[in-house]
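Here's a quick briefing on the model below. Have a look at the fold, then read on.

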Amino acid sequence: MKNGSIWFCRIAVGLLFIFSGLIKANDPLGFSYKLEEYFEVFHLTALNNLALSMAIVLCALEMILGFALLIGARAIKVVWGLLLLIIFFGFLTFYSAFFKVVQTCGCFGDAIPLTPWESFGKDMVLLLLVLVLFRNRKTIKPLLSAKAGDRAIVAATVLALGFGLYTYNFLPVVDFLPYKVGANILEEMKTPPGAKPDEFEITYTLVNKKTKDSKKITDKEYIKSGIWKDTNWQVQGTPESRLVKKGFEPKIRDLNIQDAQGNDYNQELLSTPFYSLVIVAYDLSKTDQDAVAKANALAANLIQNYNTRVIFLTANAPEQAQQFAKEHKLVSELFYADGVPLKTMVRSNPGIMLLKNGTVVNKWHYHNMPKYEDLVKNYLSK
């Protein structure tokens with residue numbers, strides 16, 4: 001029975017760590033954004049430049065430790081690594097939940113969004129399983145010889161790091177983001193009729209003018225009790241609002257495409273029945289200059305030969321963007337949006353999106369930017 005319990009913990013922990021690392025390694029750039037949020041909370045913004053490297057390595061470490069546990073290689077060191085890692089994750093999720101700072105921990109990337117308390121609960125269950133393994137670490141038997149186990153770990157390391165590097169350079173293998181291929185952006189922004197909004201509870205602090213007594217009361221109690229009719233009781237300070245029940249939330253809720261004057265262009269740009277090319281460069285100071293030149297050449301051909309509307313989207317201020325456009329002789333129209341949705345649109349700076357009727361037909365990292373001939377053959381000529 002004891003051996004069966006150890007095997008259960010071994011398989012559960014190993015598979016969960018592999019799954020967690022794999023999901024995040026599918027989108028290491030997105031995970032690096034989450035790390036930057038934690039760096040800001042702990043005043044470690046000097047580490048922001050290392051966020052991407054840390055994201056790739058941390059995802060790989062989860063997969064490697066999980067795999068090593070399953071095959072029983074270097075069991076004592078692996079279990080120590082798992083224990084330290086889960087304690088570290090548990091601290092982060094508890095801190096996020098208790099102090100309400102980072103509201104999505106990114107444990108399973110965008111595939112399975114968890115609240116901080118859900119993440120903390122998951123980490124505590126994992127911690128219990130890891131503690132069972134830690135207590136019995138010397139009894140974990142390897143499935144392979146020591147030499148073969150080491151070779152398997154080296155192979156797993158190469159694959160884990162290679163996967164993270166591949167998805168960073170060529171977009172996620174599976175896109176869990178709301179701007180994935182096939183998604184209609186305008187539809188993802190809508191709230192269906194009858195959808196329930198967020199439900200909040202308001203708490204008032206009341207002070208009695210005569211007795212100077214004070215008490216806290218919720219908005220429902222305030223109305224039901226009729227205390228509002230008593231002029232001796234007055235609301236003091238700012239009422240406190242607490243989310244009681246989460247309502248419907250559209251997948252895309254923060255996209256607002258504007259021109260330099262602040263005019264809204266969401267409807268116009270996302271409802272055209274023709275193909276349009278969107279070049280997304282959320283931060284012009286970090287964008288790849290050679291890729292911008294190639295995208296601009298592609299845009300020029302599409303505009304000249306197919307009268308395709310080409311949009312250049314950035315989060316930079318209009319003055320900076322216009323100066324950038326002048327320096328690089330951009331032929332596309334300049335529009336602006338917040339950096340958060342632009343980072344979500346395509347994990348590349350710059351990235352390319354092909355839209356039609358507001359639907360994402362395809363998108364590309366600048367490392368595998370489509371050729372003009374391929375766009376014509378696969379899309380425009382049909």
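"Buried" here means under 20% relative accessible area, with exposed over 50% and partly exposed in between (1.4 Å probe, protein chains only). By that cut-off, buried residues make up 44% of the 382 residues in the protein chain. Keep in mind that this is a predicted model, where local features need pLDDT of at least 70, side-chain atom pairs count only at pLDDT 80 or more, and totals for chains, interfaces and linings use all residues. Residues are numbered from 1 along each chain as its sequence is written, and side-chain values use heavy atoms, leaving out hydrogens and water.

**Overall picture**
- The protein chain has 13 helices and 8 strands, taken as DSSP runs (helices: H or I, at least four residues; strands: E, at least two) and numbered from the N terminus.
- Its C-alpha trace spans about 85 × 70 × 40 Å along the principal axes.
- With contact meaning heavy atoms within 4.5 Å, residues 24 or more positions apart account for 73% of the contacts with a separation of 6 or more.

**Around Tyr222**
- Tyr222 sits in helix α8 (residues 219–225) and is buried, at a relative accessible area of 19%.
- Leaving aside neighbours within four places in sequence, Tyr222 touches Tyr204, Leu206, Ile217, Ile227, Trp228 and Val235.
- Cys105 is 117 residues from Tyr222 along the chain, and their C-alpha atoms are separated by 36 Å.
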